[in-house]
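Subject: Structure handover

Hello,

Here is the structure for you to look through. My notes follow below it.

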Amino acid sequence: MKRSTLFTAAFLLASSLTFGQAHNVSAGYQKPTDPQVLQNLEQWQDMKFGLFMHWGTYSQWGIVESWSICPEDEGWTQRKPEHGKTYFEYVKNYENLQKSFNPVDFSPQKWADAAKAAGMKYVVFTTKHHDGFAMFDTKESDYKITSKNTPFSSNPKANVTKEIFNSFRNEGFKIGAYFSKPDWHTEHYWWPYFPPKDRNVNYDPTKYPERWNNFKNYTYNQINELTSEYGKVDILWLDGGWVRPFSTIDQSVDWQRGIKVEQDIDMDRIGGMARKNQPGIIVVDRTVPGKWENYVTPEQAVPEHPLDIPWESCITMGNSFSYVPNDQYKPTKKIVETLVKIISRGGNYLMNIAPGPNGDFDQAAYDRLKELAKWVQINESAIYATRSVAPYHENEYYYTRSKDNKTINVFHLSEGEKYSAPATFSFQVPANSKIKGVKILGHNGKAKWTLKENILTVQNSAKNLDYATAIQVSLK
């Protein structure tokens with residue numbers, strides 16, 4: 001991810017999780033034509049709620065994932081002096097974290113059980129972040145969790161990617177492999193002959209084409225491993241959008257203006273191989289518009305309006321994408337509200353929880369998931385396999401519809417720390433609606449309602465509902 005700091009999270013919360021207008025996520029989108037990909041996308045859009053996990057050796061220091069070894073002077077990439085007085089000392093110490101990484105409490109089934117109970121339907125795991133440390137048994141590098149240099153390599157579950165994928169797949173999840181295109185560890189990307197200047201390749205690929213070709217093959221081979229040796233993989237989630245054809249740079253986006261050289265990694269070759277290994281796989285070459293960005297991924301943000309293309313907001317449960325001791329986890333009410341806002345605008349919610357150096361989540365994360373489970377179980381028929389419908393959002397009401405257009409779901413949210421439901425719900429329904437019945441999810445009795453000039457008024461017969469209320473309107 002690009003940022004993972006308390007400052008970023010606080011700013012985004014203050015701006016009500018709206019997506020910046022500087023980046024038009026719909027621009028340049030190309031709808032896939034492969035029937036298997038379209039079917040997979042349709043199923044993925046039905047799932048609505050997924051689990052994201054950023055995990056690596058950096059969890060031992062409790063710092064932003066990877067970014068502190070990037071020589072960019074940003075507030076969210078600051079290096080702590082106790083980890084190295086100079087840049088090169090810091091990088092050496094960072095790389096030596098491999099020698100102490102031993103997450104003995106790693107239990108992916110525990111994660112899968114908690115995520116499934118909370119209503120999550122797919123998982124995206126960071127198989128390799130920008131620092132190049134592979135959380136899978138790659139043959140291309142010894143900088144990996146299964147290396148003899150890593151204490152955890154002697155554990156039967158050392159190939160954590162395989163263990164995670166198997167555990168979640170067995171629980172019915174779609175499987176997503178996050179993979180960073182840039183790799184700051186390999187000499188094929190950051191060549192030791194030159195010092196790194198920023199997040200980009202530190203040499204000119206057009207001047208040293210053989211070295212760049214080695215990097216392309218290195219990347220291709222690792223993605224080939226992930227899509228051929230780890231069972232069914234449904235999503236290839238590629239991060240690091242600065243590795244892209246120079247012609248695709250959007251000069252209106254600040255970080256893209258920092259790309260000064262051609263970094264075409266040959267996505268046709270990579271995507272073609274991934275589809276051969278995994279027919280129908282969704283490829284997310286994020287921020288690079290074209291045939292290989294099958295859905296778009298606003299980060300730590302929710303678009304203000306529905307998008308007419310598949311999309312997913314990736315948002316942290318805490319303040320950081322990576323593990324930070326004593327991180328502040330969002331209240332369950334805020335998580336529910338974010339889910340409602342996202343699905344009312346036609347998107348998916350990919351919520352990140354970061355495992356710690358011991359290989360487990362903080363207890364606070366499990367507490368949130370357990371609280372979510374109760375609410376989702378009551379309201380699942382209004383969440384899954386739904387799509388956006390006008391008016392989408394009016395005041396404190398948010399709308400979804402069933403795919404057969406026979407049901408409209410209206411969520412009521414309230415301000416404040418605790419949810420407060422009114423004695424009477426009153427909201428607009430589509431003109432000329434012929435209502436068959438009205439139900440308040442979580443309440444077994446009949447709901448009393450009246451319809452006048454497209455305004456539906458429903459007496460609140462439900463008691464003690466937490467976080468939000470869902471009213472289900474059946475149409476004739």
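**Helices H6 and H7**

H6 and H7 pack with their axes 9 Å apart, at an angle of about 15°. Angles under 35 degrees count as roughly parallel, and H6 and H7 are therefore roughly parallel to each other. Their crossing is right-handed. Please keep in mind that this is a predicted model.

Which residues meet here? From H6 come Lys 216, Asn 217, Thr 219, Tyr 220, Ile 223, Asn 224, Thr 227 and Ser 228. From H7 come Arg 269, Ile 270, Met 273, Ala 274 and Asn 277. By class, the contact of H6 with H7 has six polar, five nonpolar and two charged residues.

Now take one residue of that contact. Thr 227 is found in helix H6, which covers residues 209-228. Is Thr 227 buried or exposed? Its relative accessibility is 1%, so Thr 227 counts as buried. The side chain of Thr 227 reaches back to the backbone oxygen of Ile 223, at 2.8 Å. Thr 227 also has contacts beyond four places in sequence: Met 273, Ala 274, Asn 277, Gln 278 and Ile 281.

H7 spans residues 267-277. Its buried residues are Met 267, Ile 270, Gly 271, Met 273, Ala 274 and Arg 275. What covers them? The cover includes H6, helix H2 (35-47), E4 and strand E5 (282-285).

**Strand E4 and Ile 235**

E4 is part of that cover. Ile 235 is found in this strand, which runs over residues 235-239. Ile 235 has a relative accessible area of 0%, so Ile 235 is buried.

Which residues does Ile 235 touch, leaving out those up to four places away in sequence? They are Trp 44, Tyr 122, Ile 175, Gly 176, Ala 177, Ile 281, Ile 282, Val 284 and Tyr 295. For scale, Ile 235 and Lys 144 are 91 residues apart in sequence. In space they are 22 Å apart, C-alpha to C-alpha.

**Helix H5**

H5 covers residues 160-170. Val 160, Thr 161, Ile 164, Phe 165, Ser 167 and Phe 168 are buried in H5. An α-helix has 3.6 residues a turn, so residues three or four places apart point the same way. Keep that in mind when you look at the buried residues. Their cover includes E1, H4, H6, strand E2 (122-128) and strand E3 (174-180). Just after H5, Gly 172 takes a positive phi of about 90°.

**Two contacts of helix H9**

Start with H8. Helix H8 (residues 332-344) and helix H9 (residues 363-383) have axes that come within 10 Å and cross at roughly 30°. That makes H8 roughly parallel to H9. H8 passes H9 in a right-handed crossing.

On the H8 side, the contact has Thr 332, Ile 335, Val 336, Leu 339, Val 340 and Ile 343. On the H9 side, Arg 368, Glu 371, Leu 372, Trp 375, Ala 382 and Ile 383 take part. The residues of the contact of H8 with H9 divide into nine nonpolar, one polar and two charged.

Next comes H4. Helix H4 (residues 108-117) and H9 have axes 8 Å apart and pack at about 35°. H4 brings Lys 110, Trp 111, Ala 114, Ala 115 and Ala 117 to the contact. H9 brings Tyr 366, Leu 369 and Ala 373. This contact of H4 with H9 has seven nonpolar residues, no polar ones and one charged.

**Backbone points to check**

Most residues other than glycine have a negative phi, and most peptide bonds are trans.

- Ser 66 has a positive phi of about 65° although it is not a glycine. Ser 66 lies in the loop between strand E1 (49-53) and helix H3 (87-95). Ser 66 is buried, with a relative accessible area of 0%.
- Asn 326 has a positive phi near 60°, and is a residue other than glycine. Asn 326 lies in the loop between strand E6 (312-316) and H8. At 68% relative accessibility, Asn 326 counts as exposed.
- The peptide bond from Ala 390 to Pro 391 is cis, with omega near 10°. Pro 391 lies in the loop between strand E8 (386-387) and strand E9 (393-394).

Best wishes

Methods:
Residues are numbered from 1 along each chain as its sequence is written. This is a predicted model: local features need pLDDT of at least 70, side-chain atom pairs count only at pLDDT 80 or more; totals for chains, interfaces and linings use all residues. Side-chain values use heavy atoms; hydrogens and water are left out. Axes are lines fitted to C-alpha atoms, for helices over the stretch in contact, and angles run from 0 to 180 degrees between N-to-C directions. Helices (H or I, at least four residues) and strands (E, at least two) are DSSP runs, numbered from the N terminus. Angles under 35 degrees count as roughly parallel, over 145 as roughly antiparallel, 65 to 115 as roughly perpendicular and the rest as oblique. A crossing is left-handed if the near helix is turned anticlockwise from the far one by less than a right angle, and right-handed if clockwise. Contact means heavy atoms within 4.5 Å. Ala, Val, Leu, Ile, Met, Phe, Trp, Tyr, Cys and Pro count as nonpolar, Asp, Glu, Lys and Arg as charged, and the others, Gly among them, as polar. Buried means under 20% relative accessible area, exposed over 50%, partly exposed in between (1.4 Å probe, protein chains only). A polar contact is a pair of N or O atoms within 3.5 Å; within protein, one must be able to donate a hydrogen and the other to accept it, and residues adjacent in sequence count only if both atoms are side-chain atoms.
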